[in-house]
Amino acid sequence: MMLLLQHISFHIFFFLLLLSLVSSLYDGPLYDSTAYTQCKEHPEKPLYNGGVLFNFNIAGDGVTSSSLVLYNNLTHDTIYSFSAWLRIEGLDSVMIRASLETENETYYCIGTVLANRGCWSFLKGGFVLNYPSNSSTIFFQNTDAKYIVHNIDIASPSLQPFTKQQWGINQQYIVNTKRKRAVTIHVSDTNGRKLQGASVYVEQISKDFPIGSAIAKTILGNIPYQNWFVKRFNAAVFENELKWYATEPHESKVNYTISDQMMQFVRANKIIARGHNIFWEDPKYNPAWVLNLTGTQLQSAVNSRIKSLINQYKTEFIHWDVSNEMLHFDFYEQRLGPNATFHFFEVAHESDPLATLFMNDFNVVETCSDVNSSVDAYISRIRELRKYGVFMDGIGLEGHFTKPNLPLIRAILDKLATLDLPIWLTEIDISNTLDQDTQAIYLEQVLREGFSHPSVNGIMLWTALHPYGCYQMCLTDNDLNNLPSGDVVDKLLQEWQTGHLEGVTDEHGSHSFYGFLGEYRIIVEYHNRTTNSTFSLCSGEETRHVTITL
């Protein structure tokens, strides 16, 4: 056994140790990612068997609100995952918000659900307290005072605490099981005889998981900035240069010069890019001349926009944000009718069928207090698009955070994951109302949440560098010296790659390791013979076997 461990890299040893801890020695809770988006005739059993909710009382007037009175001592800095099943009477459906009130403060929203009459809907969220509490109540209230709910029934509530260490162990377990995979390299001679004692050198040369940032025209001609970017990121998104007001500020005068040059940079450095965006539903971000168009004039203009943009960049972008922020704004639907968005997605798919078409919106994971973009509002919009046969196959979550609520983020991602669509965090930053050190702390929390959720397929930062700074958060100063958030990004990029590994084949002619998904280069030396090879490490449950012949 000791001989075997000597030949196993530190990475695989740590991985096996962690799995052992989680499965046997770790006595903390395992996070339950179960979520439901369908209304059910009967509520399911509570997650975690109710967690710490052994003693509670359901109260309230039953009309405007219901509540859970908790008889638990809640601790400061503990991460609480909360869930419950709700049913209403009186209306067909209504958005219900859960809030938490302690003797010290009120948490306005810890979760929401679109509750329905006559069946049970699943609310999942959570909270982290700023102060300990000996007396707390969770209220369930209709978010729209215009409508009267005759009754809010509560069933199967659950409250599960996690220490920060326990939360981190659960995150790392997912990283090790979903972002990494076991590899065994077999070394033999040309006659098939296994070679013990061969030196094996492994290097990850590219990453499978896309982590990138917005870029602006400021990167053009700026070689130091370009080198800094390429060294770190394998994905990019144009901050503003692809938007309609940038490419056609004056009617019929389309100019892709800047975006072409940015695409040339992306292409030359083998970076994937998101297409952001075709349309923006907020009238504030449309060309001035478009605002004056109505009816057939506007329809003609939007048709020309889609065809022009996609013909220019067909197959170049992996994604298109088709109708940006459509949960908050409806400029085009107000003028072209309720089917305008369906038309956008339909034409975009016909024009670039291999691109993934995304919804993209804010305040979905950042908070649950925005009723326009609650997780169920997002899901309802997706289902509405599907009903009309729209080819929409990506979930874009902007992620402009102030103070992130980690269990709420995780809960929302769990509910969205039930749709079996790729999820991307598309515009991650932290508000500049916070100091740079606090921005960095919160950024690390958000990035770890995203990377450790198995349904998140990519993360983009909204950190394009300008002479005046960045939208909300910069990674560096104008001389490309790291700011605290830049240190966080560099640390995580280093942590989330396999790096250089060295080992020696055992008596079976094999060497094993766990590596992050991506592309690898192998050099094997045995006596006076050397060979080079490459292989891809894709997602999979089984060990990847690679055979090298000397």
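Good morning. I shall begin with H527, which is found in the loop between β22 (518–526) and β23 (529–537). The model before us is a predicted one, and the values I quote are computed from it.

H527 has a positive phi of about 55 degrees, although the residue is not a glycine. Is H527 buried or exposed? Its relative accessibility is 69%, and because the threshold for exposed is over 50%, H527 counts as exposed.

A second residue with this backbone feature is S156, whose phi is near 50 degrees, again a positive value in a residue other than glycine. S156 sits in strand β8 (residues 151–162). With a relative accessible area of 17%, S156 is buried, since buried means under 20%. For context, most residues other than glycine have a negative phi, and most peptide bonds are trans.

That brings me to the peptide bond between H276 and N277, which is cis, with omega about -10 degrees. N277 belongs to strand β13 (residues 272–280).

I turn now to the disulfides. How many does the structure hold? There are three disulfides. If the bonded cysteines of the protein are numbered in sequence order, the pairing reads 1-3, 2-4, 5-6.

Let me take C39 and C119. Their sulfur atoms are 1.9 Å apart, and the two residues form a disulfide. The link of C39 and C119 is right-handed, with 105 degrees about the S-S bond. Where do the two partners lie? C39 is in the loop between α2 (10–25) and β1 (56–59), and C119 is in the loop between β5 (106–116) and β6 (121–128), so this pair ties together parts that are 80 residues apart in sequence. C39 counts as partly exposed, at 30% relative accessibility, whereas C119 is buried, with a relative accessible area of 15%.

Next come C109 and C368, which form a disulfide with sulfur atoms 2.0 Å apart. The torsion about their S-S bond is about -130 degrees, and the disulfide is therefore left-handed. This pair links distant parts of the chain: C109 is in strand β5, C368 is in the loop between β15 (356–361) and α11 (375–387), and the two are 259 residues apart. C109 counts as buried at 12% relative accessibility, and C368 counts as buried at 5%.

The remaining pair to describe is C470 and C474, joined by a disulfide with an S to S distance of 2.0 Å. Their torsion about the S-S bond is about 115 degrees, so this disulfide is right-handed. C470 counts as buried at 12% relative accessibility, and C474 is buried too, with a relative accessible area of 15%.

One further cysteine may be noted here: C538 counts as partly exposed, at 43% relative accessibility.

I move on to the interior. In soluble globular proteins, nonpolar side chains tend to be buried together. Which residues touch the most other members of the largest nonpolar core? In that core of 126 residues, they are W320, Y332, L397, L416 and L443. Helix α8 (residues 295–313) supplies the largest share of this core, namely seven residues. Another core, of 27 residues, lies apart from it, and its members include L74, F82, A115 and I138.

Leaving aside residues up to four places away in sequence, W320 touches L242, G275, I278, L309, I310, Y313, D352, A355, T356, L357 and F358.

L443, another of the residues that touch the most other members of the largest core, takes us to helix α13, in which L443 is buried. Other buried residues of α13 include Q439, A440, Y442, E444, V446, L447, E449, G450 and F451.

What span should helix α13 have? The helix runs over residues 436–451, and at 1.5 Å a residue its 16 residues should span 22 Å. The end C-alpha atoms of α13 are 22 Å apart, which agrees with the expectation.

Finally, D435 caps the N-terminal end of α13, where a side-chain oxygen lies 3.1 Å from the backbone nitrogen of D437.

Thank you for your attention.

Conventions:
Residues numbered from 1 in each chain as written. Predicted model: local features only at pLDDT ≥ 70, side-chain atom pairs only at ≥ 80, totals over all residues. Heavy atoms only, no water. Helix = DSSP H or I, 4+ residues; strand = E, 2+ residues; numbered from the N terminus. Expected span 1.5 Å × (residues − 1). Buried < 20%, exposed > 50% of the residue type's maximum accessible area, 1.4 Å probe, protein only. Polar contact = N/O pair within 3.5 Å; in protein donor to acceptor, adjacent residues only side chain to side chain. Core = buried A, V, L, I, M, F, W, Y, C linked by side-chain atoms within 4.5 Å. Contact = heavy atoms within 4.5 Å. Disulfide = S-S within 2.5 Å.
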